[in-house]
Amino acid sequence: MSDQHLSRRQSKYTARTAPKGEKLATSAMIASLDSEGRDTIAAPFGHALVDLAKDRADIVGLTADLSKYTDLHVFAKAYPDRFYQMGMAEAVMISAAAGLAREGFTPFATTYAVFASRRAYDFIIMAIAEENLPVKIVCALPGLTTGYGPSHQATEDIAIMRGMPNLTIVDPCDAVEIDQATRAIADHPGPVYMRLLRGQVPNVLGEYGYRFKLGKAQMLRDGRDVLFVSSGLMTMRTLDAAKRLQQDGIDCGVLHAPTIKPLDIETIVAEARKGGRLVVTAENHSVVGGLGEAVGAALMRAGAHVPFRQIGLPDAFLDAGALPTLHDQYGISVDAVAAAVKEWLE
Amino acid sequence: MAGQALDKRSNVSLARRAWAIRRNALLMGEVQGQGYIGQALGVADVLAVSYFHALTYRADDPEWEGRDRFYLSIGHYAIALYATMIEAGILPEGEIGTYGMDDSRMPMSGMAAYTPGMEITGGSLGHGLGIAVGAALGLKRKKNPAFIYNLLSDGELGEGSTWEAVMSAVQWKLDNLIAVVDFNNQQADGPTTQALAQVPEAAKWEAFGWFTQSVDGNDMDAVVAAFDAARAHDGAQPRVIICNTQMCKGIPFLEDREITHFVRVEPQEWAKALNILDEGKPA
């Protein structure tokens, strides 16, 4: 048996005693990114859906025992007769959403990203995508947004989902974008997989006057030295890292690409071709099969041979722990992003 | 008068309909020289009752909103459903010769995008009943009194997702959902009952809360009575009819073949099978 296998069997942690009078960082600080001192908005997905449903009787909500943890409980409370608690049964939740869509409804089905992408894949691809039904699958805990370990960390959900024909994939950045994207995907005639930040969600894009457009990447700020291409919560990180790097005389642009599929290749290639910038993709996802590799492949196909680097989670099962610790450890904190860029530019 | 029950809307007997379904299926099987002919022959009586006694539909408008929905989750049974829909006038008889061919509307595994009247894309087993749960909920939302039928197979009962749907249908009191299980005790690798313990099947559905009937699926009168009882039942619960059928029913030399999931038929045997069928043509 190889060393790698042995290392999985033996804990890398040693016995540890809590120091007196000092609190250790805790993995209970999960999934809500409200600890970072920003303005936040509560349950933007749930409230957007309630607002939408006022004018659209076709909208229904389903969950597999996770309404409270996907902000769908807000909708359930407002429209109890349009809410389906399907129990801890992702296969029938997804299949039933397909059945409701067949009868003319627009179902929003919620669970965690790990369960939708891993457990329900066959049902999403065959019952929904193959027939291009307008089911919206909205999933909390994308990438590394929980410290619970690999059972809850959907570090490869986009890699799994990108192979599915007909499926649109959206990875919104903040509360503002979740509100707008929820409305946009409701209008989209086909199936959508959307990653969700839930609970108290930071308001980041408000100051940029941003409007979400399905299928479009948009420049949030321009810069001469580096072009970040990022999605999801990593756009929070690249915006903050750009501000910090500015103080060191490094001028960074941020191209936000929340629609992972279909990817806005035209905009990405056009921006990458401008003026010899280092192109750095940044994603809250494994470096395998996500935004970074999609952008890299698009640049290669277009013949845009620009300097290229990738920020993302390692191709590994990640540790349990507190999110700030883990984000530093795996290179997706603002500090880590800024440090990586400086090193690459040296 | 076993096997002679009359279609309520015409003077053609259900036995004659089943005969026509078997004949269409054999003709399609001959086109490919192979196929799921064993299942088609076995389930022909159940499909005759479904399409010529139980279901409400318009042959010239397969997507008519008032229709009963018939979900075929077992995609490989498509040959049987094509044979039925040709007899029903939903598909033209002239397309029999295209079964499984390039550009045909009748692919080997049933898909909604290809075929008028094919409601869902089957084939990945364990999907149909879950989709039926959602459609039944949708019909209730619309106050549409139509029924959803789902034809599934015994092998499909090995899929865990089927049992998620079984529980869900009871949870939502789906009295507009009728599951029809073709229990022929054959799956790809052999007898279903030797693969995952499935006996006693009826007791399991009953224990989960379904109005459960178990019948000889090749006894036309029994199947008619079961479909009637399933629709008329006044409990707020889903209904299941377990139809015990004989693979290759009606063609004795095929019934005797040991491997019947994907039955081998030699080129000269198709004519022999059609002759046997024609000799027993009902009135």
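Which helix of chain A does A:Asp55 lie in? Select A:Asp55: the residue lies in helix 2 of chain A, residues 44-55. Helices (H or I, at least four residues) and strands (E, at least two) are DSSP runs, numbered from the N terminus.

This is a predicted model, where local features need pLDDT of at least 70, side-chain atom pairs count only at pLDDT 80 or more, and totals for chains, interfaces and linings use all residues. Residues are numbered from 1 along each chain as its sequence is written, while chains are lettered from A and ligands numbered from 1 in the order in which they are written.

**Stop 1: chain A, single residues**

Stay on A:Asp55. A:Asp55 is exposed because 7 other C-beta atoms lie within 10 Å. The cut-offs: buried takes 20 or more other C-beta atoms within 10 Å of the residue's own, exposed 12 or fewer, and partly exposed is in between, with C-beta atoms placed from the backbone. A:Asp55 and A:His188 are 133 residues apart in sequence and 16 Å apart in space, C-alpha to C-alpha.

Next, select A:Leu141. A:Leu141 sits in the loop between strand 5 (136-140) and helix 7 of chain A. Its phi is positive, about 60 degrees, although A:Leu141 is not a glycine. Is A:Leu141 buried or exposed? A:Leu141 is buried, with 26 other C-beta atoms within 10 Å.

Go on to A:Pro262, in the loop between strand 12 (259-261) and helix 10 (265-272) of chain A. A cis peptide bond joins A:Lys261 and A:Pro262, with omega about -5 degrees.

**Stop 2: the domains of chain A**

Colour chain A by domain: domain 1 is 38-202 and domain 2 is 215-345. These bounds come from an automatic or database domain assignment. The centres of domain 1 and domain 2 of chain A, taken over C-alpha atoms, are 25 Å apart. In contact are 26 residues of domain 1 of chain A and 27 residues of domain 2 of chain A. Contact here means C-beta atoms, placed from the backbone, within 7 Å. On the domain 1 side that touches domain 2 of chain A, helix 7 (157-162), strand 6 (168-170) and helix 8 (175-187) of chain A each supply at least two residues.

**Stop 3: where the chains meet**

Show both chains. The contact takes 22 residues from chain A and 21 residues from chain B. On the side of chain B that touches chain A, helix 4 (128-141) and helix 5 (160-171) of chain B give two or more residues. Helix 4 of chain B supplies the largest share of that side, ten residues.

**Stop 4: the sheet of chain B**

Select the strands of chain B's open sheet. Five strands run in the order 1-2-3-5-4, with parallel pairing. Strands pair if DSSP finds at least two bridges between them. At the edges are strand 1 (69-72) and strand 4 (211-216) of chain B, each pairing on one side only. Strand 1 and strand 2 (residues 148-153) of chain B pair in the parallel sense over four bridges. Zoom in on B:Arg69: its bridge partner in strand 2 of chain B is B:Ile148.

**Last stop: B:Asn185**

Find B:Asn185 in the loop between strand 3 (177-183) and helix 6 (201-208) of chain B. Phi of B:Asn185 is positive, near 55 degrees, in a residue other than glycine. B:Asn185 counts as partly exposed, with 19 C-beta neighbours inside 10 Å.

Notes:
Two residues are in contact if their C-beta atoms, placed from the backbone, lie within 7 Å.
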